[in-house]
Amino acid sequence: MEKTVNIVLIVLGSVLIALLLNFFITSLYIGGVFSLPLNYKSAEKQFERKKEDMYIVSSYFSDLNYENIYIPNSMDIGIMSIDGNNVKIENDKVIQSIEKLKNNYCSVIGKENNTIYFQMWSNLDSGHGIAYTIDESEPKLQFLTKAEKLNEDNWYYYEEDYNKWRLKNN
C-alpha cells in the first residue's frame with residue numbers, strides 16, 4: 001500500500017512540475033522575453049490579416065499635416081502624441097482600428113516624415129514591422145537598416161537597428 005502511495009505521489013509531482021514548467025516557458029515567450037523577431041515572411045502574413053485596419057490608420061495619418069505621430073501600446077484609447085503633445089483622435093473608426101492593431105501585437109503605431117509604421121517586434125536597440133510610405137518613395141525611419149517591398153504598392157517590411165545604423169553611418 002505504501003509503495004502505491006509513493007508511486008502516485010511521484011506521478012502527481014511529475015505532472016505538476018511539467019505543468020509549471022510549461023506555464024513558465026509559455027509565459028516567457030508570450031511576454032516577449034524570448035519572442036522571435038518578425039521577419040519578412042511573417043510580416044506578409046500579418047499584413048494580410050491586419051490590412052484593413054492598417055489602411056484605415058495610414059489613410060487618416062496621411063491626411064494629417066503632422067510629420068511626427070506616436071502611439072505606443074500603453075497610450076490611452078483615442079489619444080495620439082503629436083510632437084510630444086497628446087491630441088484626441090476625432091474619428092471612431094480610426095480609434096477602433098488602432099485598438100485592434102494594439103491588441104494584436106502592434107506595439108507602436110507612428111508617423112515619421114513620409115512613413116507610417118506599425119512596429120510589431122522590438123527590443124532595446126531594434127524594431128521590426130510594417131511601413132507605408134505616403135509619397136511612393138522608400139521608407140524614412142530614424143534607424144532604418146532594412147526595407148523590403150510587400151505585395152502592395154507603398155507597403156514595406158522594415159527593420160530598424162540602432163547599432164547597425166550607427167556602424168554604417170559613422
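Q: Buried means under 20% relative accessible area, exposed over 50%, and partly exposed in between (1.4 Å probe, protein chains only). Is Asp-53 buried or exposed?

A: Note the basis: this is a predicted model, where local features need pLDDT of at least 70, side-chain atom pairs count only at pLDDT 80 or more, and totals for chains, interfaces and linings use all residues. Residues are numbered from 1 along each chain as its sequence is written, and side-chain values use heavy atoms, with hydrogens and water left out. Asp-53 has a relative accessible area of 11%, so it is buried.

Q: In which element is Asp-53 placed, and what is it in contact with beyond its neighbours within four places in sequence?

A: Helices (H or I, at least four residues) and strands (E, at least two) are DSSP runs, numbered from the N terminus. Contact means heavy atoms within 4.5 Å. Asp-53 sits in helix 2. Neighbours within four places in sequence aside, Asp-53 touches Ser-97, Lys-100 and Leu-101.

Q: At what angle do helix 2 and helix 3 pack?

A: Axes are lines fitted to C-alpha atoms, for helices over the stretch in contact, and angles run from 0 to 180 degrees between N-to-C directions. Helix 2 (residues 40-63) and helix 3 (residues 92-103) pack at about 130 degrees, and their axes are 9 Å apart. Angles under 35 degrees count as roughly parallel, over 145 as roughly antiparallel, 65 to 115 as roughly perpendicular, and the rest as oblique. Helix 2 and helix 3 are therefore oblique to each other. On the helix 2 side, the contact includes Asp-53, Met-54 and Tyr-60; on the helix 3 side, it includes Ser-97, Lys-100 and Leu-101. Ala, Val, Leu, Ile, Met, Phe, Trp, Tyr, Cys and Pro count as nonpolar, Asp, Glu, Lys and Arg as charged, and the others, Gly among them, as polar. The contact of helix 2 with helix 3 has seven nonpolar, one polar and four charged residues.

Q: In what order do the eight strands of the sheet run?

A: Strands of a sheet pair through backbone hydrogen bonds, either parallel or antiparallel. Two strands pair if DSSP finds at least two bridges between them. Here the eight strands form an open sheet with the order 3-2-1-4-5-6-8-7, paired antiparallel. Strand 3 (85-88) and strand 7 (144-149) are the edges, each pairing on one side only. On average, neighbouring strands are turned by 30 degrees against each other, direction ignored.

Q: Why is strand 5 largely enclosed by the rest of the structure?

A: Seven of the eight residues of strand 5 (residues 115-122) are buried, so the rest of the structure largely encloses it. Strand 4 (residues 108-112) runs antiparallel to strand 5, joined by five bridges. In that pairing, Glu-112 stands opposite Thr-115. Strand 6 (residues 126-133) is antiparallel to strand 5 over seven bridges. Ile-116 faces Tyr-132 of strand 6, and Phe-118 stands opposite Ile-130. Three residues link strand 5 to strand 6 in a hairpin. Helix 2 lies across several strands, including strand 5, to which it runs at about 140 degrees.

Q: Which residue in the turn between strand 4 and strand 5 has a positive phi?

A: Strand 4 and strand 5 form a hairpin with two residues between them, and Asn-113 in the turn has a phi of about 55 degrees. Asn-113 is partly exposed, with a relative accessible area of 39%.

Q: Where does Tyr-105 lie?

A: Tyr-105 is in the loop between helix 3 and strand 4. Tyr-105 has a positive phi of about 70 degrees although it is not a glycine. Its relative accessible area is 62%, so Tyr-105 is exposed.
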